[in-house]
Amino acid sequence: MGLRERIEVQYGGAGTEFAEAPPLPRNMMVELSNACNHACAFCPNPFMERPRGRIERELLLRVMREAADGGVRELGFYTTGEPFIHKDLPAFTRAAKEAGFAYVYISTNGALATPERARAVIDAGMDSIKFSINAGSRETYREIHGQDEFDLVLGNLQFMAGYRRERGLPLKLYATCVVTQPMEHEIGRLRELLEPLVDEIAFDGCMPLAWPDPSAPGAARICPMPFNRLHVTCEGYLTLCCVDFENYLAVADLNAVPLVQAWNSPAFRDMRRRHLAGDLAGSMCGRCWQGDRTPVKPLNDALAHGLDWEAYDGSAT
């Protein structure tokens, strides 16, 4: 399955059971850390009020076992932060493969994916690595990413491409680019640089994931993420969304309850009911999926952190 197909399956709702209590999904994403070494102009991460942290090893191992026992077969080690920040990424990758996950993947800005670190992760069994490279020149990259690491990232990607070729590995390499006004004229150059190194490149507009056009053929009328994927934060919370930067959509603390219990918790079932009914006002889901601008409250005050709405809105424009 190619990168675009994977995006459509994960975000488009294909094969999703839209029910109040769907079975445990096939896919899970885990936030190893919510910290990031870059400050991309289009990303809310730099404005995040939530304390930066890393997931605890024993908690993650337990959650992975529960997920694998429940039939989850795909595992992504990233959501709002940079996965290579966590020193145990190779060990977690190896543990995931040993637990029975058929497909383990990450998305990275690539700056910390040095040959030594990359080799350890690849040798541990990583199936797919996606580079997020959002400019086609050193100057524009520095403007967008907030770091002067364009050449470093390309070098790290070149190493991975050569390493998998030399060893005949089945590793998939992908690249994505958020197309912003400063780099629009560099799309052709970036494509020329990346095509020899990766299996597929996806160029996407700088806009929220949702707010779909309901008139578009095949457009999803309901956000699929609360139904077809598990999302675990670095604190160990189960949340509805992979871009829940302040845990406003966290429904359960996995430090206290098992994964399956959290998936079927009253709070999660209630939010699925609201999605099915289109009654999302006052939630982050309504803000994203419906463009609603009524005041937003967390689903669980004990799990959320205060949000700077002015900064948040500015980061989304």
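These numbered points describe selected features of a predicted model.

1. Helix H2. This helix covers residues 57–69, which makes 13 residues. At 1.5 Å a residue, H2 should span 18 Å, and its end C-alpha atoms are 18 Å apart, so the two values agree. Just after H2, Gly 71 has a positive phi of about 105 degrees.

2. Which residues of H2 are buried? They are Leu 59, Leu 60, Leu 61, Val 63, Met 64, Ala 67 and Ala 68.

3. Cavities. A search of the whole structure gives two cavities of 30 Å³ or more. The largest cavity holds about 50 Å³ of space. It is lined by 13 residues, and those closest to its centre are Glu 31, Thr 79, Thr 233, Thr 239 and Cys 241. Sorted by class, the lining of the largest cavity consists of six polar, four nonpolar and three charged residues.

4. Cysteines. How many disulfides does the structure hold? The number is zero. Cys 285 is in no disulfide, and the nearest cysteine sulfur to it belongs to Cys 223, 6.4 Å away.

5. Asn 156. Is Asn 156 buried or exposed? This residue belongs to helix H6, which runs over residues 150–167. Its relative accessibility is 4%, so Asn 156 counts as buried. Leaving aside residues up to four places away in sequence, Asn 156 touches Gly 110, Ala 111, Ala 113, Thr 114, Pro 115 and Phe 131.

6. Glu 200. Strand E6 covers residues 200–205, and Glu 200 lies in it. With 25% relative accessibility, Glu 200 counts as partly exposed. Along the chain, Glu 200 and Lys 172 are 28 residues apart, while their C-alpha atoms are separated by 9.1 Å.

Conventions: Residues are numbered from 1 along each chain as its sequence is written. This is a predicted model: local features need pLDDT of at least 70, side-chain atom pairs count only at pLDDT 80 or more; totals for chains, interfaces and linings use all residues. Side-chain values use heavy atoms; hydrogens and water are left out. On a 1 Å grid over the protein atoms alone, a cavity is a set of points where a 1.4 Å probe fits but cannot get out, and a pocket is an open set with protein on both sides within 12 Å along at least five of seven lines; lining residues have an atom within 4 Å of a point. Grid points are joined across faces, edges and corners, and a volume is the space filled by probe spheres set on the points. Ala, Val, Leu, Ile, Met, Phe, Trp, Tyr, Cys and Pro count as nonpolar, Asp, Glu, Lys and Arg as charged, and the others, Gly among them, as polar. A disulfide is a pair of cysteine sulfur atoms within 2.5 Å. Helices (H or I, at least four residues) and strands (E, at least two) are DSSP runs, numbered from the N terminus. Buried means under 20% relative accessible area, exposed over 50%, partly exposed in between (1.4 Å probe, protein chains only). Contact means heavy atoms within 4.5 Å. The expected span of a helix is 1.5 Å times one less than its number of residues.
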